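Colleague: Could we go through this model together? I have a few questions about its side-chain pairs and its packing.

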Amino acid sequence: MGYGGAAVRTLHDAPLPPWPARNVEDVASRLAAECQWLIANDVLPAEVITRDRRLAERALRPWRPVFIHGDLQVDHVFRRGQGHRRPRLVRGVPRRRLFDLATLTFGHPDHLNDVIAGYGTDVDRDLNRAWWSMRCLTNVRWLTEVGIYGPPESFPEVAVLGSQM
C-alpha cells in the first residue's frame, strides 16, 4: 500500500484539469440531501446517520483543489506488467486530496498508515475518517437504487457507518 500512497501523491502533484472543482456548499448540500433520504427511507438508524453526518461535516471546509482520481478504490488501480508493484492511476478530477486517500483506504483502516507513509506528507487521520463517513453517507442511496449489490445492511458503507466513533 505504500506504493499506492506514492502513486496518489504523484497524481495530486499534477497540474489541475481545466474543469472546475466542487465547492464546499455543493458537497454540504449533497450530504444533507443524502442524509434526509437515508432517514426518510429508514435505511439506517437515525442516530447512526446523525453521528456520521457530524463526523462528515468536519470535512466541509475550504480546500485547495488538486488533481485526484475521483473514485480511487483498490480495484480501480491497474498495475503495469506482471509482478510490477507500482500502481498506475487512470483518470482525474479536481477535488480535495483526502477524498482520494479516504476512498483508497475505505474499509481498510489497517492500511491507512502504509498509504500515508507512501504519500509522504502529513495527513490528518481524523479528517480521513470524516471523509470515510462522507463517502458512506453519499453512496448508500446509489447502491440501494441500483439494486444489484444486495440489501443495504450488506454494504461495506453501512458497516463503516456503524463502526465510526
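Colleague: To start with, which side chain meets Arg 9 in a salt bridge?

Modeller: That is Asp 13, with an N to O distance of 3.1 Å. Please bear in mind that this is a predicted model.

Colleague: How many salt bridges are found in the whole structure?

Modeller: Six. Another of them joins Arg 141 to Glu 34, with the closest N and O atoms 3.1 Å apart. That pair links distant parts of the chain, since Arg 141 is in helix H6 and Glu 34 in helix H2, 107 residues apart.

Colleague: Is Glu 34 buried or exposed?

Modeller: Glu 34 counts as buried, because its relative accessibility of 10% is under the 20% cut-off.

Colleague: Which residue pairs with Asp 126?

Modeller: Arg 129 does, in a salt bridge whose closest N and O atoms are 3.5 Å apart. Both residues lie in helix H6, three residues apart, which is about one turn of the helix. An α-helix has 3.6 residues a turn, so residues three or four places apart point the same way. Asp 126 is partly exposed at 41%, and Arg 129 is partly exposed at 31%.

Colleague: Let us turn to helix H2. What do its buried residues pack against?

Modeller: They pack against helix H3 (46-57) and H6. The buried residues of H2 include Val 24, Leu 31, Cys 35 and Trp 37. Glu 34, from the salt bridge with Arg 141, is also one of the buried residues of H2.

Colleague: Moving on to Thr 105, where does it lie, and what is it in contact with?

Modeller: Thr 105 lies in helix H4 (residues 97-105) and is buried, at 0% relative accessibility. Leaving aside neighbours within four places in sequence, its contacts are His 111, Leu 112, Val 115, Asn 128 and Trp 132.

Colleague: And where is His 69?

Modeller: His 69 is in the loop between strand E1 (66-68) and strand E2 (78-79), and it is buried at 2% relative accessibility. Its C-alpha atom is 9.8 Å from that of Thr 103, although the two residues are 34 apart along the chain.

Colleague: Which residues form the nonpolar patch on the surface?

Modeller: Trp 142, Val 146, Ile 148 and Tyr 149 form it, with about 440 Å² of accessible area together. Trp 142 belongs to helix H6 (residues 125-146).

Colleague: Finally, what is the overall layout of the chain?

Modeller: There are seven helices and four strands, in the order α-α-α-β-β-β-β-α-α-α-α. Of the 165 residues, 42% are buried. Among contacts between residues at least 6 apart in sequence, 75% join residues at least 24 apart. The accessible surface comes to about 9,000 Å², with 52% belonging to carbon and sulfur atoms.

Notes: Residues numbered from 1 in each chain as written. Predicted model: local features only at pLDDT ≥ 70, side-chain atom pairs only at ≥ 80, totals over all residues. Heavy atoms only, no water. Patch = residues over 30% accessible without salt bridge, like charges linked within 9 Å, V, L, I, M, F, W, Y side chains within 5 Å. Areas by Shrake-Rupley, 256 points an atom, 1.4 Å probe, with all protein chains shown as cover. Salt bridge = Lys/Arg side-chain N within 4 Å of Asp/Glu carboxyl O. Helix = DSSP H or I, 4+ residues; strand = E, 2+ residues; numbered from the N terminus. Buried < 20%, exposed > 50% of the residue type's maximum accessible area, 1.4 Å probe, protein only. Contact = heavy atoms within 4.5 Å.
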